[in-house]
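Welcome, and thanks for taking a look at this model with us.

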Amino acid sequence: MSARERELSRLAELVHQKVNQYRASKNLAPLKLNNLISKQAKIHSVNMAQQKVAFSHDGFSARAQAIENNIDYRTVAENVAYNMGYQDPVSKAIAGWIESDGHRKNMEGNYNLTGIGVAVNPAGEYYFTQIFILEN
């Protein structure tokens, strides 16, 4: 694993920690990080960073289907974020999610699993994808 990949994995883990800290502040159970879900989130973040897809939820149903092939779930949701030029891109992304009703609802939702993918492009633009799952 390259130094860049290690850094992006560390940032994804920070997202996980900070989202669970936020959930704890609301007396909500922590989310368990799942590698299969994270793989789907990472693919989407990389595709956005490489401008293969727009910064959006485009392809969400395909990501959800890929997860459903391996995890029987009741419900699924997704948050995406983008920023650049910040010392702490993770905290900036999470602050944006908290300020947004829809994203905050996902963070506070009835889920037990999550996957997180972070990507950065040569311009220094960070892309975050977090997928939330409630298993059956």
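How many aromatic pairs does the structure hold? In this predicted model, there are five aromatic pairs. One of them joins Tyr82 and Tyr127, whose rings are tilted, with a centre-to-centre spacing of 5.1 Å and an angle of 45° between the planes.

| Residue | Relative accessible area | Class |
|---|---|---|
| Tyr127 | 6% | buried |
| Tyr82 | 35% | partly exposed |
| Pro30 | 57% | exposed |

Tyr127 counts as buried because its 6% relative accessibility falls under the 20% cut-off. Tyr82, at 35%, lies between the 20% and 50% limits and is therefore partly exposed.

Now for the proline. Where is Pro30 placed? You will find Pro30 in the loop that runs between helix H1 (3-25) and strand S1 (32-33). Pro30 counts as exposed because its relative accessible area of 57% is over 50%. Even so, Pro30 has partners beyond its neighbours within four places in sequence: Asn20, Arg23 and Asn112 are in contact with Pro30. As for another proline, Pro89 comes 59 residues away from Pro30 along the chain, and their C-alpha atoms are 22 Å apart.

Technical notes. Residues are numbered from 1 along each chain as its sequence is written. This is a predicted model: local features need pLDDT of at least 70, side-chain atom pairs count only at pLDDT 80 or more; totals for chains, interfaces and linings use all residues. Side-chain values use heavy atoms; hydrogens and water are left out. Helices (H or I, at least four residues) and strands (E, at least two) are DSSP runs, numbered from the N terminus. Buried means under 20% relative accessible area, exposed over 50%, partly exposed in between (1.4 Å probe, protein chains only). Contact means heavy atoms within 4.5 Å. Rings of Phe, Tyr and Trp (its six-membered ring) pair if their centres lie within 6.5 Å; planes under 30 degrees apart count as stacked, over 60 as edge-to-face and the rest as tilted.
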